[in-house]
Structure formats: structure tokens, C-alpha cells
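Me: I would like to learn how to read a structure like this one, step by step. Could you begin with the general idea behind a feature, and then take me to the case at hand?

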Amino acid sequence: MNKDTFKGEWNQLKGDIKQQWAELTDDDLTHAEGSFDKLVGKIQERYGHTKEKVEEQVREWRVKHDV
């Protein structure tokens, strides 16, 4: 899936994202607006991981959820 498809299915994915990264707030998800890069930034901000680590986590999550 490309980044545009990720954005197109954003509303359906928000609940699953909050289950995976519980420290994200509704405001964080609103700010991300379906953007892969913004989501990575918010996860990085909340969890303090490197950008590379978060990108890998999100990629793994996407594969697991067929996103």
C-alpha cells in the first residue's frame, strides 16, 4: 500500500492505531490526518524512539493489518 491509500483509509485505521500505540491521543491522530510521515512523527514524539525504529514499527504494523 502506498502513502495515498493509507490516507484514504485513515478513519478506518485510527482505532487499530490507538490499540497499537495507546499513548497517542485523538489530537495526535487528528494532526496526523492519515499522513504516514506525520504518524511516524507523533509516535516518535510520544515514545521517544528514533525515526528509523518507528518507521519500521509502522511498516510492520501495516503488513500485519494488511494496510
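Reply: Let us begin with the word helix, which here means a DSSP run of at least four residues, numbered from the N terminus. With that in mind, arginine 59 and glutamate 56 both lie in helix H5, three residues apart, which is about one turn of the helix. Please keep in mind throughout that this is a predicted model.

Me: What joins the side chains of arginine 59 and glutamate 56?

Reply: A salt bridge requires a side-chain nitrogen of Lys or Arg within 4 Å of a carboxyl oxygen of Asp or Glu. The side chains of arginine 59 and glutamate 56 meet in such a bridge, with 3.3 Å from N to O. Arginine 59 also meets the side chain of glutamate 55 in a salt bridge, at 3.7 Å from N to O, and glutamate 55 and arginine 59 are four residues apart in helix H5 (residues 51–64), again about one turn.

Me: Is glutamate 55 buried or exposed?

Reply: Glutamate 55 counts as buried because its relative accessible area is 16%, and the cut-off for buried is under 20%.

Me: How many salt bridges does a search of the whole structure find, and which residues are linked in a network of them?

Reply: The search finds seven salt bridges, and a network of them links Asp28, Lys42, Glu45 and Arg46. Within helix H4, glutamate 45 and lysine 42 are three residues apart, about one turn of the helix, and their side chains meet in a salt bridge at 3.7 Å, N to O. The two partners can be read separately for accessibility: glutamate 45 is exposed at 53%, whereas lysine 42 is buried at 14%.

Me: Which residues does histidine 31 contact, leaving aside its neighbours within four places in sequence?

Reply: Histidine 31, which has its place in helix H3 (residues 26–32), is in contact with Lys38 and Lys42 once those neighbours are left aside. The C-alpha atoms of histidine 31 and lysine 42 are separated by 8.6 Å, although the two residues are eleven apart along the chain. Histidine 31 has a relative accessible area of 43%, so the residue is read as partly exposed.

Me: Where does the largest nonpolar core draw its residues from?

Reply: This core has 16 residues, and those with the most contacts inside it are Phe6, Ile17, Leu39 and Val58. Helix H2 (10–20), H3, H4 and H5 are the elements that give two or more residues to the core, and H4 supplies the largest share, four residues. To follow one member, take valine 58: leaving aside neighbours within four places in sequence, valine 58 is in contact with Trp21, Phe36, Leu39, Val40 and Ile43.

Conventions
Residues numbered from 1 in each chain as written. Predicted model: local features only at pLDDT ≥ 70, side-chain atom pairs only at ≥ 80, totals over all residues. Heavy atoms only, no water. Buried < 20%, exposed > 50% of the residue type's maximum accessible area, 1.4 Å probe, protein only. Contact = heavy atoms within 4.5 Å. Core = buried A, V, L, I, M, F, W, Y, C linked by side-chain atoms within 4.5 Å.
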